[in-house]
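Please keep the sequence and the coordinates in view while reading.

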Amino acid sequence: MVKRKRFQAAAALGAALLLAVSACSQGSTTKQPEAGSSQSSGPAHIKIAYQQWGPGVVMKNFLTGVKSEYEAAHPGSQVEIVPVVASENDYYTKIQLMMRSPNTAPDIVYEDTFLINSDITAGYLRPLDDYIKNWDQWSQFEDTAKGAARGQDGKTYGIPDGTDTRALWYNKQIFQKAGLPADWHPKTWDDVLSAARTIKQKVPGVIPFNMYSGKPMGEASAMQGFEMLLYGTKDTLYNYDQKKWVVGSQGFKDSLNFVKTVFSEGLAPSPKDALSPNMGSKVGTELLPQQKLAIDLDGSWIYGNWLKSGAKPWPQWSTVLGQTAMPTQDGGGKGKVSLSGGWTWAIPAKSKNPDAAWDFIKTLQTQKNAAKYATDGAQIAVRKDVAADAAYKSSSASTQFFTDLVSVTVYRPALPEYPKVSNEIITAMESVMTGQSSPDDAAKNYDQAVEGIVGGKDKTTTQSTGQ
C-alpha cells in the first residue's frame with residue numbers, strides 16, 4: 001500500500017505540472033477540431049494506447065496484426081503501439097494524465113465504458129458522431145453496446161470491441177473429491193458458502209472460493225466482486241426513477257457481511273494474497289489451471305488465458321471446469337445475477353491526428369478483425385455479424401452459457417460520479433476483509449462518502465426502486 005501511495009503522490013505532482021503547462025486548454029469547454037480537420041495531412045503517425053498487465057499477449061498480437069494491415073493500406077503511415085504497463089486503476093490514472101496535454105495524448109485510447117462519462121466531463125474525449133454517421137458498419141453493433149459508449153449528452157465517444165458477463169467457475173474434479181455434484185447449480189448465497197465450507201473441510205490445500213476484493217484489484221473488486229452480490233439483493237447502487245444514489249440499504253450491508261464471512265472463515269485467499277494487484281492474473285494463470293482453486297466468481301473472458309494464444313494454454317479446461325450462474329441472495333427475483341461491462345476504442349480530445357485515428361478504428365472493427373479479437377480475446381461479440389459467425393459460436397465451450405446471461409445482466413450506473421463511488425465500495429470491502437471495520441461501520445462510512453461525492457444528502461435516497 002505504501003508503493004501505491006507513492007504512485008498517487010507522483011501522479012498528483014505530474015497532474016499539477018501538466019495543468020500548469022496547459023491551463024489554457026483544460027476543461028470540458030475546450031473547443032475541439034471538427035471531424036475531418038486533422039492537423040496533419042497525408043501519411044500520419046498514430047499512437048494507440050492500451051493496458052498491458054500480466055503475461056497475456058492477445059491484445060498486443062491483435063494490434064500488431066491490425067497495424068501491419070493498416071500500414072500496408074496507407075503507405076507512409078506509421079502506427080505506434082503504446083502499452084501502458086499498469087494494474088487496472090493505475091492504468092486509468094496514467095491514461096488520464098496522458099490525455100491532459102497534446103504533447104502526451106495518444107490518438108486512440110482503450111477506454112473502459114464505466115469511465116466514459118467522467119472522462120467526457122473532464123474534457124478528455126472527442127465525440128465520434130460526425131464519423132459514425134458516414135460509417136456503414138455502425139448498424140451492425142448491438143444497441144446495448146452503443147448505449148455503453150454514449151455520454152449523457154447523447155453523443156457517442158467510443159466504438160465497443162466486446163462485452164462480457166460474470167458467473168461462477170468451479171472445478172468439477174475438486175467437487176468430486178468433496179462429494180459435491182459435478183452439475184452444480186446453487187440457488188442462494190448460502191448454497192455457495194455451504195459448498196465452499198465443504199471443500200475446506202474435505203479437500204485441504206485448496207482455496208475454496210475466490211472473489212476479488214480491496215483496492216489493488218480496483219474495479220474488478222467493485223464490479224465482479226461486490227456488485228455481483230449487491231444486485232442479487234433487493235437493493236441497488238442507484239435509483240433511476242428518483243435520479244439519486246442509494247445509501248443506507250440492507251443489501252449493501254448484507255453484501256459486506258458476505259465478504260466478511262468468506263475472509264474470516266478462511267474460505268477465500270488470505271487478505272495478503274487477495275490484496276495483490278496481480279491477483280487476477282494469478283487466478284487465471286496459476287490457481288485455476290493448477291487446480292488450487294475450487295470456485296471463482298469471475299468474468300466470461302478468463303478462459304482466454306487457456307487458449308493456444310493465451311498466457312497459460314490449458315487444453316483440459318473445458319472438461320475440468322464448469323460454469324454456473326451466481327445466485328441471488330435468497331433465490332428471489334430472477335434467481336441469478338450477472339453484470340456486464342466492456343471496453344471501447346476512443347479518440348482523445350487532444351489527439352493530433354483524429355481522422356487517421358478514426359481510419360485505424362475502422363480497420364480494428366471490420367467484421368474479420370472483430371471476429372478474431374472476440375475469439376482470441378474471449379469476448380462476447382457486440383457486432384451482430386460476428387455473433388452469427390459459425391467459427392465464433394463454436395470457439396469455446398462456454399460461449400453460449402455466458403451469452404445467455406445477457407438476459408439477466410445488470411449495467412453499472414453510467415454516470416460521472418460512478419468511478420468515485422466505486423472507489424468507496426472497494427474501500428469498504430477492504431476494511432471489512434482485513435477486519436478493520438464491521439460491515440455496519442463500513443457501510444456507514446460509505447454512505448457519508450457518497451453524500452460528499454454526489455453533492456449532498458438531497459442527491460441520495462434509501463429507496464432502491466427504479467432499477
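Predicted model: local features only at pLDDT ≥ 70, side-chain atom pairs only at ≥ 80, totals over all residues.

Thr 188 has a relative accessibility of 19% and therefore counts as buried, the cut-off for that class being under 20%. Thr 188 sits in the loop between helix 7 (172-177) and helix 8 (189-202). Its side chain reaches the backbone nitrogen of Asp 190 at a distance of 3.3 Å. When neighbours within four places in sequence are left aside, Thr 188 is in contact with Pro 327, Thr 328, Gln 329, Asp 330 and Gly 331. A further relation across the sequence concerns Lys 336: 148 residues separate it from Thr 188 in sequence, while the two C-alpha atoms are 8.8 Å apart in space.

Helix 8 and helix 10 pack at an angle of about 5°, and their axes are 12 Å apart. Helix 8 is therefore roughly parallel to helix 10, since angles under 35 degrees fall into that class. On the side of helix 8 the contact is made by Trp 189, Leu 193 and Arg 197, and on the side of helix 10 by Asp 254, Ser 255, Phe 258, Thr 261 and Val 262. By class, the residues of this contact divide into four nonpolar, two polar and two charged.

Helix 9 (residues 219-230) and helix 10 (residues 250-264) pack at an angle of about 130°, with 8 Å between their axes. This angle makes helix 9 oblique to helix 10, and the crossing of the two is right-handed. Helix 9 contributes Phe 226, Leu 229 and Leu 230 to the contact, whereas helix 10 contributes Gly 251, Phe 252, Ser 255, Leu 256, Phe 258 and Val 259. The contact of helix 9 with helix 10 has seven nonpolar and two polar residues, and no charged ones.

Thr 236 is found in the loop between helix 9 and strand 7. With a relative accessible area of 3%, Thr 236 is buried. A polar atom of the Thr 236 side chain lies 3.2 Å from the backbone oxygen of Tyr 238. Lys 243, in the loop between strand 7 (238-239) and strand 8 (244-246), is exposed, with a relative accessible area of 65%. Lys 243 has a positive phi of about 55° although it is not a glycine. A positive phi of about 55° is also found at Gln 291, another residue that is not a glycine. Gln 291 belongs to the loop between helix 12 (279-287) and strand 9 (293-299), and its relative accessibility of 27% places it among the partly exposed residues.

Two buried residues in strands come next. Arg 166 is located in strand 5 (residues 166-171). How accessible is Arg 166? Its relative accessible area is 4%, so Arg 166 is buried. The side chains of Arg 166 and Gln 224 are joined by a polar contact of 3.3 Å. Arg 166 and Ala 49 are 117 residues apart in sequence, and the distance between their C-alpha atoms is 26 Å. Gln 323 has its place in strand 10 (residues 321-324) and is buried at a relative accessible area of 18%. Apart from neighbours within four places in sequence, Gln 323 is in contact with Leu 168, Trp 169, Tyr 170, Trp 317, Ser 398, Phe 401 and Phe 402.

Helix 2 (residues 58-73) packs with helix 15 (residues 367-376) at an angle of about 165°, their axes being 10 Å apart. Helix 2 is therefore roughly antiparallel to helix 15, and it passes helix 15 in a right-handed crossing. Val 58, Met 59, Phe 62, Val 66 and Glu 69 of helix 2 meet Lys 368, Asn 369, Tyr 373 and Asp 376 of helix 15. Five nonpolar, one polar and three charged residues make up this contact.

Technical notes
Residues numbered from 1 in each chain as written. Heavy atoms only, no water. Axes fitted to C-alpha atoms, helices over the stretch in contact; angles between N-to-C directions. Helix = DSSP H or I, 4+ residues; strand = E, 2+ residues; numbered from the N terminus. Parallel < 35°, antiparallel > 145°, perpendicular 65-115°, else oblique. Left-handed = near helix turned anticlockwise from the far one by under 90°. Contact = heavy atoms within 4.5 Å. Nonpolar A, V, L, I, M, F, W, Y, C, P; charged D, E, K, R; others polar. Buried < 20%, exposed > 50% of the residue type's maximum accessible area, 1.4 Å probe, protein only. Polar contact = N/O pair within 3.5 Å; in protein donor to acceptor, adjacent residues only side chain to side chain.
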